[in-house]
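Subject: Handover of a structure and the findings on it

Dear colleague,

Please find below the structure that I am handing over to you. My findings follow directly after it.

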Amino acid sequence: MMLTVLNRALDLFKGFKLTNGIHLLWMLTLIISALKNLTSWDFSKFEDPSFFISPIFNSFEYIARNFTSELIWISFFSLIFLFSKRGSVQSIPFIVNGSTNLILQLSDYLSMHHDMVLSSLLFPAYGFYLLTKNYWRGVVNRIILAIAASTYLVAGIVKLNPDFLSGEVVEVLLQRADHLFYWPVLEYFIQYSSLLAWYALVVELIEPIVLLFFSGILKLYLMLLVFPFHLGILLTGTGTVYNLIYPAVFMHLIFNSNEEYLENRFISYIYRLALLVFISFSLFYILLRINDLLRMFL
């Protein structure tokens, strides 16, 4: 019986279409973003006159003070369009949520982060990818590539300082998981905090180069370096949207234009495994956020 179940699971794994899985990861990440806007952030406080905000542009203060709740709820309910089988309809929540995230980030300088600003641009970009065909999809993919490479490059440059490379920041991130059941595993890596900091720096500085200038099977092997980096940060409970959207972006850019690489059995298996790990994490995280949402009304 156990062997039959195992064989069935293996057959499903082999038949799992990578490009469909990548689209699913995009959608799950979008759902998490909308749920976090409702349950985790202080955006709802923007409409409270006593809550201090420092908008990037003065016009954003008017939007933040008067329409933040509406924007968040419209974005959340737009997720229903994800159930459509038409790409043009599925593009709606990506464009709506991405635009909302950007407005929210620019509404308060104190809560703004360059990673989230650039990440917010990826949702509308992918929405336009779903809207377009043929030549224009190639144009949108180049825009997605530019956003991803820029984000990584900026993040890498920011890390070029002794404070980060000492490992102190990494140690703080790891300790955020001290209440979780897998904490003993992460605790073991604290002694290697400085090494992990250098690993993060190297990954974020070389991956833009890999994205822009490498090709062929070597590119796919080098891109594998980003997955442990993002998964490790996810396990600390930090930067959920950011650390899900970039694995989706990297796999999207690779396999929507180079599906022939899927003929390589090892590459096909390892990327499928990585995708399933991120999808599984996303589904579990969504259940947690839904639980938080229900608590708001019960």
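Two residues are taken to be in contact, or to pack against each other, when heavy atoms of theirs lie within 4.5 Å. Please note also that this is a predicted model.

Helix 11

I begin with helix 11, which spans residues 216–223. Its buried residues are Gly216, Lys219, Leu220 and Met223. Viewed down the axis of helix 11, these buried residues fall within an arc of 105°, so they line one face of the helix. Against which helices do the buried residues of helix 11 pack? Their partners are helix 10 (193–213), helix 12 (226–235), helix 13 (240–255) and helix 14 (265–297).

Helices 3 and 4

A pair of packed helices is described by the angle between their axes and the distance between the axes. For helix 3 (residues 58–77) and helix 4 (residues 87–106), the axes come within 10 Å and cross at roughly 150°. The crossing of helix 3 and helix 4 is left-handed. On the side of helix 3, the contact is made by Phe60, Ile63, Thr68, Leu71, Ile72, Ile74 and Ser75. Helix 4 contributes Val96, Asn97, Thr100, Ile103, Leu104 and Leu106.

Aromatic residues

The structure holds 25 aromatic pairs. One of the aromatic pairs is formed by Trp73 and Phe77, whose rings are stacked, at 5.7 Å centre to centre and with 25° between the planes. Both Trp73 and Phe77 lie in helix 3, 4 residues apart, which is about one turn of the helix. An α-helix has 3.6 residues a turn, so residues three or four places apart point the same way. Trp73 counts as partly exposed, at 30% relative accessibility, while Phe77 counts as exposed, at 55%.

A residue with positive phi

Most residues other than glycine have a negative phi. Asn134 has a positive phi of about 50°, although it is not a glycine. Where is Asn134 placed? Asn134 belongs to the loop between helix 5 (114–131) and helix 6 (135–158). With a relative accessible area of 72%, Asn134 is exposed.

Residues of helix 6

Leu145 is found in helix 6. Leu145 and Leu211 are 66 residues apart in sequence, and their C-alpha atoms are 7.5 Å apart in space. When residues up to four places away in sequence are not counted, Leu145 touches Leu211, Leu212 and Leu253.

Ala155 also has its place in helix 6. Is Ala155 buried or exposed? At 1% relative accessibility, Ala155 counts as buried. Between Ala155 and Leu205 there are 50 residues in sequence and 8.2 Å in space, taken from C-alpha to C-alpha.

Two further aromatic residues

Tyr242 is located in helix 13 and is buried, with a relative accessible area of 7%. The C-alpha atoms of Tyr242 and Phe67 are separated by 25 Å, and the two residues are 175 residues apart along the chain.

Trp41, by contrast, sits in the loop between helix 2 (18–39) and helix 3. Its relative accessible area of 43% makes Trp41 partly exposed. Trp41 and Leu18 are 23 residues apart in sequence and 33 Å apart in space, C-alpha to C-alpha.

Yours sincerely,

A colleague

Terms used: Residues are numbered from 1 along each chain as its sequence is written. This is a predicted model: local features need pLDDT of at least 70, side-chain atom pairs count only at pLDDT 80 or more; totals for chains, interfaces and linings use all residues. Side-chain values use heavy atoms; hydrogens and water are left out. Buried means under 20% relative accessible area, exposed over 50%, partly exposed in between (1.4 Å probe, protein chains only). Helices (H or I, at least four residues) and strands (E, at least two) are DSSP runs, numbered from the N terminus. The arc is that of the directions from the helix axis to the C-beta atoms. Axes are lines fitted to C-alpha atoms, for helices over the stretch in contact, and angles run from 0 to 180 degrees between N-to-C directions. A crossing is left-handed if the near helix is turned anticlockwise from the far one by less than a right angle, and right-handed if clockwise. Rings of Phe, Tyr and Trp (its six-membered ring) pair if their centres lie within 6.5 Å; planes under 30 degrees apart count as stacked, over 60 as edge-to-face and the rest as tilted.
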